[in-house]
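Please open the model in your viewer and keep the selection tool at hand.

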Amino acid sequence: MATTLYWAQCGSCGGDSMAWLCLESPDVVELLDLLDIEVLWHPSLSNQSARDHLALLGSIAANEQPLDILVVEGAVLRGPGGTGMFDTFDGRPKKDLIGELARRARHVVAAGTCASFGGASGEAEVEASGLQFVREEQGGFLGPAFRSGSGRPVVNLPGCPVHPQVLAGTLAALCQGEELALGPYQAPATWYGMLVHQGCVRNEYHEYRVEDADFGTRGCMFFHLGCRGPLAFGPCNKLLWNRRSSKTRVGVPCMGCTMPDFPRDHPLFDTPAMADIPLELPAGVDRAHYLAYKGMAAAAAPDRLLQRQTRL
Amino acid sequence: MAHVVQIGVPLNRVEGDLDLRVELTDGVVTEAWCSGTMYRGFERMMVGRDALDGLVITPRICGMCTTAHLTAAVTALEHLGGITPPPDALRLRNVALMVEDLQNDLRHGFLMYAGDLANPRWSAEPFYPEAQRRFAPFAGETVIEVLRETKHVLEVVAILGGQWPHSSFMVPGGVVSAPGSAELVQCRLLVHAFRQWYEQRILGCSLERWQDVRSADDLDAWLDESPHHGDGAIGFWLRCARAIGLDRLGAGHGNYLSYGGFPVPDDSAVRGLGGGSSFIPAGFASGDHVRALDEASIAEDIASSWYDDGPEPRHPSQGKTKPYATGHEGARYSWAKAPRYAGLSAETGPLAEMVMGANPLITDLLAASGPSALTRQLARLVRPAVLLPAIETWLAELRGDARCYERPELPVEGEGRGLVAAARGALGHWIRVAEGRLTAYQIITPTGWHAGPRDAGGQRGYTEEALIGTPVADPDNPVELGHVVRSFDHCMVCTVHLVRSGQRDRTIRFGLAP
């Protein structure tokens, strides 16, 4: 029997859907076919009439139509004052619909940072919430104890947007009943147990602490330009984007868009630092050792890096 | 006695949220209300942030026009600082934004718009089986091809900017890196492959042949000239659209707005469509009378919107966005504001751009039968034929490792605006900076122009006006409304209301789980 999927959008830009359409090898249509997924509804693509969509929601609510996978894109907007009226569906708070669907679904997947942690929508005014987190704090819209029909918590796939291959791999694991080990923040370790830094083509510049403080050259962006590649978990430089590249490869600092505090409050193109050393060090690194190591590494930097001759 | 009903309609495939409510008199729309149902608070979130942060955060407003928001954000900062980026940086920005437009025009046209032709409403039409074969979601032949080709051409943006959607590769003074010659070759190959596919499968003829279609008569002759023309995706769509009368639906006010877009470098062989310094000319037109754009004539009215910004319409540089959340009652009915140009509701996007650029075919179609959903949608579907030659020329003019960034002096205080041509039309960012921090950020999107509500004078929003006169055969499946509303390429997902005789007769009951 086909696996049924309902895709819901809340406080979102639609970017996770747009990235999803860029899936390669297999593409979206091939993947749905391979996994025998029946898309009950996708807001950007489905062409059922209004009447049929309402009937579908009714039959899910009545437990007549099984819902295997609920994909949520976007933050749940709870404002103003907890009413949810900043985002309505059929005149009612959208959050109520999401809550109901989540309780009917066998698996719940948060596609993107907004659905996972609240993300770019902003917590203060619109009271944006991830499904089971608000930023770093566990709980979120569904509460810390929430488990979907399969017994799992929400599977978080952060990223702004989520990488389409990560979503595809997650759907494949859920459809095929494979174990999907979740790491910190309920994100699958397969893709989030690594750093954006891994595979960055500027790594040698980073290694020898050859830093840039301005755009347009080849040095490392961690020390001055706000790059969070050495801290941010995610496969951006392993899987690459659109088959081609990544932000750090072309010289856009990693903004840590997979992280629960994205977008952080500090100026995004600046690295908070003390005595010229970033306050946030690469994940798990001790400050004293890092100072010594980077001092020696900078002294050992070869001319070809200092003169930015090594190409990216 | 006239039979009057009100219905509310869930129109999805428009990216976002919108409630549409219409009044039908004897099966024809006699009144319409269009309300944005979501408030995300982006503008207020920007206040207090570093001036550059808009480059990261505003692209996240829209997953489809992400590069357009980045362009507007960087243009506003450069306007603030009086900064002119190197010519090759402009070429790279233009190429990336135009590639995003290619993506938009094809995905909207065949994933989000044409799917309605496969709606059971048209099952008695001879074209119906073929429409299903081509346009059915996740399965249609054209749908599958568009998915494949749009994602491939978007690789150009990834090569230049790292990823699509949501990069921040444009910065004041240029772009963050200069592609090498190998990367440029890749871009040219990707664009070439897209062009071939567009010519063979979508347009059904070469771009050069298409340029000779300069009038309504030419269009008829072109359709009949060769089976390739009539059976290409556009030819087939056009025949369907005429069969169901889309050329008689969705007129609107007949006002057109363009901020202009794609600055043409001085040393480029590309020529602006209106002969000016930007490829897409700026202007405002009422009917066929085109005037120069006067930026000071833009204002946002909030008489029908849930904001408490003060009684008078405000220019966006003076705008506020103060949510005033009441229920769904009274005169206010939308989270969208009502942008006006010199007090007038206006449409923007490909049709408006072609009015400004005096495109012969579109101008003739408008003169012959006035604006319609068909002409609006045709303008979007053939826009790639206008953009592709410019993309190719700019890529050919670029050399590897060119100078694409010059460190700017960004003032810590002042005002700036970024007015650009996004895929869906005129997009503006207005910013104010003090001590290096943003103190105001106001944005008017193309969808704001199209989907905004009534103003204080009672003038309908553009989509509301366009819906008047639309016949609806089956209020339970009002696909005709979708044909009109989606011709604006809204960035919204419309939601459901079904109201009759003032009473809602259908609700979905979701109790909380026991």
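Begin by selecting F133(A), which in this predicted model has a relative accessible area of 5% and is buried, because anything under 20% is counted that way.

A search of the whole structure finds 25 aromatic pairs over all chains, and F117(A) and F133(A) form one of them, edge-to-face, at 5.8 Å centre to centre and with 80° between the planes. F117(A) belongs to helix α5 (residues 113-117) of chain A and F133(A) to strand β9 (residues 133-134) of chain A, so the pair ties together parts that lie 16 residues apart in sequence.

Next, select F215(A) together with Y405(B), whose ring centres are 6.0 Å apart and whose planes stand at 85°, so that this pair, too, is edge-to-face. Here the pair crosses between chains, with F215(A) in the loop between α8 (203-207) and α9 (236-239) of chain A, and Y405(B) in the loop between α15 (373-397) and β11 (414-422) of chain B. F215(A) counts as buried at 9% relative accessibility, and Y405(B) is buried with a relative accessible area of 16%.

Finish with charges over rings in chain B: the charged end of R21(B) sits over the ring of W33(B), 4.5 Å from its centre, while R134(B) lies over the face of F236(B), at 4.3 Å from the ring centre.

How values were computed
Residues are numbered from 1 along each chain as its sequence is written. Chains are lettered from A and ligands numbered from 1 in the order in which they are written. This is a predicted model: local features need pLDDT of at least 70, side-chain atom pairs count only at pLDDT 80 or more; totals for chains, interfaces and linings use all residues. Side-chain values use heavy atoms; hydrogens and water are left out. Rings of Phe, Tyr and Trp (its six-membered ring) pair if their centres lie within 6.5 Å; planes under 30 degrees apart count as stacked, over 60 as edge-to-face and the rest as tilted. Helices (H or I, at least four residues) and strands (E, at least two) are DSSP runs, numbered from the N terminus. Buried means under 20% relative accessible area, exposed over 50%, partly exposed in between (1.4 Å probe, protein chains only). A charge sits over a ring if NZ of Lys or CZ of Arg is within 6 Å of the ring centre and within 35 degrees of the ring normal.
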